[in-house]
Amino acid sequence: MTIRIAPLISVALLLLIGIWGWFLSQESGGRILALSLLAGAAFGIVLQRGRFCFLCNFRDLVEKREAGGVIAILVALAAGAVFYQIVMTAWAPVPQPGRLPPGAHIGPVGWVLALAAAIFGLGAALSGSCLSAHFYRLGEGAFGSLVALAGAGLGFIAGFASWNSLYTATVFDDAPLWLPHSLGYTGALLLSLALLFLLVVAALWWSKGRLHAADRERRSPSTLPEISRALFIDRWPPVLTGILIALISAFAYFRIAPLGVTQELGSVVRTGGLRLGLVPETLAGLDTARGCISAIKTALLSPNGLFVSGLILASFASALFAGQFKPVWPNGRGLALRFIGGLLMGWGGMTALGCTVGVLLSGIHAGAVSGWVFLLFCALGTLVGLRLVKAISG
C-alpha cells in the first residue's frame, strides 16, 4: 500500500462511518445508535492521535519519567468534571440526599471495588494496555490485543460466577457515594480540581518537566505541511487531548450515556454464557447498579456496541492516515501475558462495574467517590504489575 492510497482509504472509511450513522438515524429510535457510533469514532481518533492509554501513560511516567500522557489524563479528568457539572446542575439543580443525577456512573464504594480496581491495574500492566487502549490498538494492527480481549471475556465469566457471593457479602451494603451530597456542587468541583492540580504538580516534579522524549525536536508549525503533520502525524499535545476527551465524555453523558467500553463485551459474554450454563441466571442487584452494566442482549445493535465499533474503525483510519498502522503479533510469552492480563482485567472490570473509562473517567467526572477509589487502587495494582513484568522480562 502506497502512502498516496492510505489517506484515501482513511477518508473513505470515515465517510462510510458517517453514512452508516446517517442510515442508523433514519430508523425509529436510531438517533441514539447514530450518535453512539459517531461519538465512538471521535473517541477512537482522539485516543489514537493523543496516544491516550491509562496504562501506557502511567508506565511512561514511572519508568521513563515522561509526564505528557499522565498530564493528558489529568486534564481530561479536570475538564470533564467542569463540563459534567454544567449538565448535572441543569438536570438536578440541588443535590438532594438519596437522589443521584440521572444515569451517572456513581458506583458502590467498598473493599470489593478497591480489590477489583487493583486486580484490573495488575492485569493492565501484564497485558500492556488497559481495555480501552486494546480496542484502539487493534486499529493500529496490534493483533495481540485480540488475545487480551479473549482473556477479558473469560474474566467476565469468572466475575459473573463470583458476583452473587460478593454482592451478598458486602456490595449490597456498599453505598454509592456522591461528593455533591456532602460538599455541594461547588465544593465537590473545587475539591476534585485541587486534587487533580496536586497530581499534575507531582507528575511534573517526578518527570522534571519532561513531557515526551521527542519534545525537544518539535517546532511550532508555521507552514501548511508542518501544520498538517501536527494534525495528522505527530502526537497531539497533552492539554488538547485531555480537553477533547472531556468534551466527548460530556457530550456522551448529555445525549447518550456516560462513557464506557466494557458494557458490550460483558453483555455478549453474559448472554452467551447464560445459554451455555456458565453464568448464573440471576445476578443479584447487577441490573440496577450504576456503571457499565452487562445486560442480557435483546438486539443485535446496541449503543455501546456501536460506540466500540466506531472507536476501532476510526482508530484504524487515523493510524492508516498517519502511517502508523503496523500489524504485529507478539511472541509466545507476550501472548501469555496478554491473555492472563486480559483475564484479570475482565474480572476486575466486571466486578468494579467498569474500567478506567467507565468507572475512573466517567466516575470522577460525575463527582463519584468510586472513581477516586478506582484511580488509587488501580494505580497501586499497576505498580505491582509493572514490577512483575520487569522481573519476568529479566
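In this predicted model, the secondary structure of the protein consists of 15 helices and zero strands. The radius of gyration is 20 Å, close to the 21 Å that the globule rule gives for 394 residues, so the protein is as compact as a globular protein of that length. Along the principal axes, the C-alpha atoms fill a box of roughly 60 × 55 × 45 Å. Among the contacts with a separation of 6 or more, 83% are made by residues 24 or more positions apart.

The interior comes next. Of the 394 residues of the protein, 52% count as buried. In soluble globular proteins, nonpolar side chains tend to be buried together. Which residues touch the most other members of the largest nonpolar core? They are F43 and F374, in a core that holds 79 residues, and helix α4, which covers residues 68-91, gives the most to this core, with nine residues. If residues up to four places away in sequence are not counted, F374 touches L113, A117, F120, A352, G354, C355, T356, V359, L360 and A379.

Side chains of opposite charge can pair when their charged atoms come close. The structure holds five salt bridges, and one of them joins E140 to R51, with the closest N and O atoms 2.2 Å apart. This pair links distant parts of the chain, since E140 sits in the loop between α6 (131-138) and α7 (144-169), while R51 sits in the loop between α2 (31-50) and α3 (54-64), 89 residues apart. E140 is buried, because its relative accessible area is 10%, which lies under the 20% cut-off, whereas R51, at 27% relative accessibility, counts as partly exposed.

How many residues apart are K64 and D60 in helix α3? They are four residues apart, and therefore separated by about one helical turn, and their side chains meet in a salt bridge with an N to O distance of 3.8 Å. K64 is partly exposed, with a relative accessible area of 49%, whereas D60 is buried, with a relative accessible area of 15%.

A further salt bridge is formed by D287 and R270, whose closest N and O atoms are 2.8 Å apart. Here too the pair links distant parts of the chain, with D287 in the loop between α11 (263-275) and α12 (303-321) and R270 in helix α11, 17 residues apart. D287 is partly exposed, at a relative accessible area of 49%, while R270 is buried, with a relative accessible area of 4%.

The last step leads to the surface. The protein exposes about 17600 Å², and carbon and sulfur atoms supply 69% of this area. Which residues make the nonpolar surface patch of about 630 Å²? The patch is made by V11, L15, L16, I19, W22 and F23. V11 is found in helix α1, which covers residues 5-26. Because its relative accessibility is 41%, V11 counts as partly exposed, a value that falls between the 20% and 50% cut-offs and is also over the 30% required of residues in a patch.

How values were computed. Residues are numbered from 1 along each chain as its sequence is written. This is a predicted model: local features need pLDDT of at least 70, side-chain atom pairs count only at pLDDT 80 or more; totals for chains, interfaces and linings use all residues. Side-chain values use heavy atoms; hydrogens and water are left out. Patches are made of residues with over 30% relative accessible area and no salt bridge: like charges are joined within 9 Å, nonpolar side chains (Val, Leu, Ile, Met, Phe, Trp, Tyr) within 5 Å. Accessible areas come from the Shrake-Rupley method with a 1.4 Å probe; for residues, only the protein chains shown count as cover. A salt bridge is a side-chain nitrogen of Lys or Arg within 4 Å of a carboxyl oxygen of Asp or Glu. Helices (H or I, at least four residues) and strands (E, at least two) are DSSP runs, numbered from the N terminus. Buried means under 20% relative accessible area, exposed over 50%, partly exposed in between (1.4 Å probe, protein chains only). The radius of gyration is taken over C-alpha atoms; the globule rule is 2.2 Å times the number of residues to the power 0.38. Contact means heavy atoms within 4.5 Å. A nonpolar core is a set of buried Ala, Val, Leu, Ile, Met, Phe, Trp, Tyr and Cys residues joined through side-chain atoms within 4.5 Å.
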